[in-house]
Amino acid sequence: MKIHDVRTYRSAEEFPRDEHLAAKLAALATDPVAIEADVEEMIINRLIDNAAVSAASVGRRPVTVARRQAEAHAVTTGGAQVFGIPGSYSAEWAAWANGVAVRELDFHDTFLAAEYSHPGDNIPALVAVAQHTGRSGAELIAGIATAYEVQVDLVKGICLHEHKIDHVAHLGPSVAAGLGTLLGLDEETIYQAIGQALHTTTATRQSRKGLISSWKAFAPAFAGKMAVEAVDRAMRGEGAPAPIWEGEDGVIAWLLSGPEHTYQVPLPEKGEPKRAILDTFTKEHSAEYQSQAPIDLARRMRERIADLSEIESIVLHTSHHTHYVIGSGANDPQKFDPDASRETLDHSIMYIFAVALEDGDWHHERSYVPERAHRPETIELWHKISTVEDPEWTRRYHSTDPAEKAFGARAVITLRNGEVIEDEIAVADAHPLGARPFARENYIQKFTTLAEGVVDKQEQERFLDAVQHCADLSGTELNQLNLQVREEVLAQAPHTGKGLF
């Protein structure tokens, strides 16, 4: 890897095009390195993971809205598949609908460094365009490898949340770069597409603050859709604002740390394999990633507490991110409100730890239903929980050493009789360094569990066979990566009313 300095340049300064970050990402996207076996294996795991969480979310209102919008954009030639239903649809709308299905439950993969991300958000747009253009499974895998590499490297080098910019600002460029690899585009076209994608997908983090709405699920899908459209325009010869990151009125100067700051972004050298997907990790539990390890910790600690009503207080000592984003440091009263939205509850470590401590489990539906959040004993326990930032956990969160990097917490539970029970966990059980690292069989189990009752068994088996042979699929066979949902499940989807389309 090579570290690249990225800073603002005045318009009068000499700044060659090939030094622009967008140009370096375009060069990375056109570098025809072989996809290594362990990278291909993980890409297939994430295709399975995305299908699993899409099955679990297919009947939810935001997913239904996005699917019905896509259905209004059916095509008779080419086109892409929309999760759960037959037919062919405009690629950008298929990317939109499938992106919402993947993101809705906050249940797929994650990467955390200087910034936060869900790199699996890249996949729906790449699959849609691959289906639309008749690309092979091997070409799709190469495109996904690029998209993950770009997003992970941007996340390592450029912090967005410090300036209240939403993390999908790294997703538009990564999807555009991945599509460049998938389609075999030239560097100039990819450069312009990356610039357009970034320019159109920067937004504030209010989508993940206070009254968190369903837009949290739509935001990544919107970034993917914008990237598809940016690539289309760039292929037709249209340009982008440049230099998009480094310009005098660019992203760094006005949205991030300003003209005096230099970011350092690691990128593979020419000829170096794209392996960033191996730095990412998926979720065993349907909740924000910082809560994965605390859920496992709560399940472990409950065995040491005979009567939860005897708890006086619980303090979670954790990282800056956990404390200020999903902890009491956010100062969001909604995080203690039993009438809060599901999106808000899955960003409340206080609620999550309370329910996991009571139930010894976590479920993507049962743990969030209103009657669960309204249990008097749960509300009482929930309000006894707080978080504090511990500098050591913050340091480990930002460590570049994979063996030391951690997303956990230390729980201090004080009982009414004065007894103190303490325990800590560094990474979730499903993390590559956790107690039960996720492997292919775990991804398949997650898929079959979430697809049960939603997708017929025969259809599940067909999909699993196809996806595990993805590299061998021809351009006419990529439609096999879509799943058909049982008609009675789709019939139970909520009524959404009539929109414009």
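**Helix packing exercises**

Just after helix 18, G453 has a positive phi of about 80 degrees. The model is predicted, so to speak of local features we need pLDDT of at least 70. Residues are numbered from 1 along each chain as its sequence is written.

**Exercise 1.** Work out whether the length of helix 18 (residues 440–451) agrees with 1.5 Å a residue.

*Solution.* Start with the rule: the expected span is 1.5 Å times one less than the number of residues. For the 12 residues of helix 18 that should come to 16 Å, and the end C-alpha atoms are 16 Å apart, so the two agree.

**Exercise 2.** Find the buried residues of helix 18 and what they pack against.

*Solution.* Buried means under 20% relative accessible area (1.4 Å probe, protein chains only). On helix 18 that gives R440, N442, Y443, K446, F447, L450 and A451. Next, look for their partners: these buried residues pack against helix 2 (37–57) and helix 19 (457–467).

**Exercise 3.** Describe how helix 2 packs on helix 6 (residues 137–157).

*Solution.* First the geometry: the axes (lines fitted to C-alpha atoms over the stretch in contact) are 10 Å apart, at an angle of about 90 degrees. That makes helix 2 roughly perpendicular to helix 6, a label that covers 65 to 115 degrees. Then the contact (heavy atoms within 4.5 Å): V39, E40, I43, R46 and L47 of helix 2 meet I141, I144, A145 and Y148 of helix 6. Last, sort them by class: seven are nonpolar, none polar and two charged. Here Ala, Val, Leu, Ile, Met, Phe, Trp, Tyr, Cys and Pro count as nonpolar, Asp, Glu, Lys and Arg as charged, and the others as polar.

Note on methods. This is a predicted model: local features need pLDDT of at least 70, side-chain atom pairs count only at pLDDT 80 or more; totals for chains, interfaces and linings use all residues. Side-chain values use heavy atoms; hydrogens and water are left out. Helices (H or I, at least four residues) and strands (E, at least two) are DSSP runs, numbered from the N terminus. Buried means under 20% relative accessible area, exposed over 50%, partly exposed in between (1.4 Å probe, protein chains only). Axes are lines fitted to C-alpha atoms, for helices over the stretch in contact, and angles run from 0 to 180 degrees between N-to-C directions. Angles under 35 degrees count as roughly parallel, over 145 as roughly antiparallel, 65 to 115 as roughly perpendicular and the rest as oblique.
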